[in-house]
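Work through the exercises below with the sequence and the model open. Each task is followed by a solution in steps.

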Amino acid sequence: MTEATLRVESLQTHFFTKAGIVKAVDDVSFSVARGKILGLVGESGSGKTVTGFSIMGLVDPPGRIVGGRILFNGQDIVGLSEDRIREIRGNRIAMIFQDPMMTLNPVLKVETQMVEAIRAHADIDRLTARNRARDALGQVGIPSPEERLDAYPHQFSGGMRQRVAIAIALLNKPDLIVADEPTTALDVTIQGQILYEIQKLARETKTALIWITHDLSVVASLADEICVMYAGRIVERGSVDEVLDRPAHPYTAGLIGSVPSRNAKGTPLVQIPGVMPSLLNLPSGCAFRQRCARADDACAAAAPEPVGARRQVRCIHPLTEVA
Amino acid sequence: MTVFIIRRLMQSAFVLLIMSLLVFFGVYAIGDPVEIFIAADADQIERERAMQALGLDQPIWAQYGFFLLNAMRGDLGRSFVFNIPSIELILQRLPATLELAACAVTLSVLVGIPLGMYAGYRPQSRIAKAIMATSIAGFSLPTFWVGLMLILVFAVQLGWLPSTGRGQLGEFLGIHSSLFTLDGLAHLLLPAFNLALFNISLVIRLTRAGMRENMPMDYVKFARAKGLTQRRVVFVHVLKNIMIPVVTVIGLEIGQVIAFAVVTETIFAWPGMGKLIIDSINRLDRPVIVAYLLITVVMFIVINLVVDILYSILDPRVRLADAGH
């Protein structure tokens, strides 16, 4: 097997707040190969965004990576100096954020924001950089890119702004893009277009992609592999077909059951009872057991260790056996 | 933009008219200047002659009418006291005040913005806390007291700086100013700092608030995710966003500092407009009061116009559209 573009091993990112230590990411491991798309699925507060920021080296105090390794092209990037990580950030690893209305600086021209991203990593004159920026805008389907370079973010619609953000992410032809719910804030029709574009661009350029979302139906059509996160941990991991067709963890099954489908029209949607526990006050053993129908005393005794190799589940009573 | 400026100028003319009306009648209501000018033992004929000479024998509305007619021709009347055109009197004193005000505002920008940025960037640090504590003192302590203390410490005790007057004036491009000689600068330092202190504190707090508000924003994180240096993120991305409210406040400050330099000018015997207006009010020298207030209003109007234009440059979302449609 070829070396993965990104391999995260037992990553732990904790926030040291006044109320206590929040283990936002606790023992998370996964990897993405070149040209592959990994879907990182979970509810709000499950730690998926913090995982993304950890990879970017953008975890702000009181948060800090306390354990594990992030191997990017074989090199551990945890604990690199700010200057070294800055060379990678935006250059080899790019990120797309959730809300396109908030990610672009409102008072700077699109050109400024694109050219600076190029010139932060390469000694290129302004005009060449501008031409590259224009081509990138064209590549993501923005009409008349030359004129749009001189526009300000507020002159774009939400979907167009997200395209600009994607163009910025693609500028330096990164090896990995972390996309944090990039379609959540968009209209459904635009969502479809953006999904299609990103998928196409990632496949064409052989860029590895981590797609963070709470929406299972989005990753179903997009990803090669899925990691389901719950309370800071990956509870299930596997290929899209395996996870969606034969979920092993009760939480994954609950998520799938709560997606509306045409077949079950008119019947009430299945809900997962209860809410995710506070990360400050996790129950003993399995974090999901209070909401799980299959839980018993064994679940409270100790946190389940991951079972399986490539296909993995953290559950004592999985719905299907993985090996 | 042109339409915006024309409309603004027309509104300004109206403001000026209302202003002059209020001041003219206001001063008339306060008292009769003749009582002050003419010796107590003057007889009735002398009084009448004096009133005729000053035009005070006319009914008030006629006096106002004359004033307006003359004002159209740029003549705002002669000072009752000095018997020279009031506008000339004010323009003699204007450079000293402008010089002081310009220095005070420059100080508040040069000191206030960096300190405020630091205090907002590292809010938990001891230096930031010290800056904030000092800024509270800066805008709570009364100007006159700070002025007296400055004189006491730097002029009397330490003897480093002079405490009164403008010092030696230098000439550059036909402009006479204290800025062009070392002696003049030494004279300027204390009053400028005294006048600036409140504004420095204000700018510090405003900048710090902007910094704290903007740093956690998504666009900052996105800029960092692009691999920009922290320096560029703070000094280009964040600073340009912070400048929007700061420019507004600094614009207002310029007007305030010019109009209300009275206290500082009095303490440091600075021969500016502030001192002139106080003297004129005491003597009910109506033409000078009216002319002074009109000039002040014009300055406020111009500053506000400049601020609005600057605002539209800083914030691309603001267009000086033809408001009112």
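**Exercise 1: a threonine in chain B**

Thr248(B) is placed in helix H10 (residues 230–259) of chain B. The model is predicted.

Solution. 
- Step 1. Setting aside neighbours within four places in sequence, Thr248(B) is in contact with Val307(B) and Tyr311(B).
- Step 2. A polar atom of the Thr248(B) side chain lies 3.0 Å from the backbone oxygen of Ile244(B).
- Step 3. Leu98(B) is 150 residues from Thr248(B) along the chain, and their C-alpha atoms are separated by 19 Å.

**Exercise 2: a covered strand**

Task: Find how many residues of strand E3 (residues 37–41) of chain A are buried, and which strands pair with E3(A).

Solution. 
- Step 1. Five of the five residues of E3(A) are buried, and the strand is mostly covered.
- Step 2. In a regular strand, side chains alternate between the two faces of the sheet. One side of E3(A) holds Ile37(A), Gly39(A) and Val41(A), the other Leu38(A) and Leu40(A), and both faces are covered.
- Step 3. Strand E8 (residues 208–213) of chain A pairs with E3(A) in the parallel sense over five bridges. Within E8(A), Ile212(A) is the bridge partner of Leu40(A).
- Step 4. Strand E9 (residues 225–230) of chain A also pairs with E3(A) in the parallel sense, over four bridges. Here Glu225(A) of E9(A) stands opposite Leu38(A).

**Exercise 3: the interface of chains A and B**

Task: Describe the contact between chain A and chain B by residues, area and polar pairs.

Solution. 
- Step 1. Chain A gives 26 residues to the contact and chain B gives 20 residues.
- Step 2. About 2300 Å² is buried between the two chains, 61% of it from carbon and sulfur atoms. Phe97(A), Val107(A) and Glu116(A) supply 25% of the area that chain A buries against chain B, more than any other three residues.
- Step 3. Four salt bridges are found across the interface of chain A and chain B. One of the salt bridges joins the side chains of Asp60(A) and Lys221(B), at 3.3 Å from N to O.
- Step 4. Between chain A and chain B, 14 residue pairs are in polar contact. On the side of chain A, two or more residues come from each of helix H1 (48–56), helix H3 (100–103), helix H4 (110–119) and helix H7 (158–170). The largest share, four residues, is that of H4(A).
- Step 5. By type, the residues of chain A that touch chain B are 15 nonpolar, seven polar and four charged.

Terms used:
Residues are numbered from 1 along each chain as its sequence is written. Chains are lettered from A and ligands numbered from 1 in the order in which they are written. This is a predicted model: local features need pLDDT of at least 70, side-chain atom pairs count only at pLDDT 80 or more; totals for chains, interfaces and linings use all residues. Side-chain values use heavy atoms; hydrogens and water are left out. Buried means under 20% relative accessible area, exposed over 50%, partly exposed in between (1.4 Å probe, protein chains only). Two strands pair if DSSP finds at least two bridges between them. Contact means heavy atoms within 4.5 Å. Buried area is the accessible area (1.4 Å probe) that two parts lose on being put together, summed over both. A polar contact is a pair of N or O atoms within 3.5 Å; within protein, one must be able to donate a hydrogen and the other to accept it, and residues adjacent in sequence count only if both atoms are side-chain atoms. Ala, Val, Leu, Ile, Met, Phe, Trp, Tyr, Cys and Pro count as nonpolar, Asp, Glu, Lys and Arg as charged, and the others, Gly among them, as polar.
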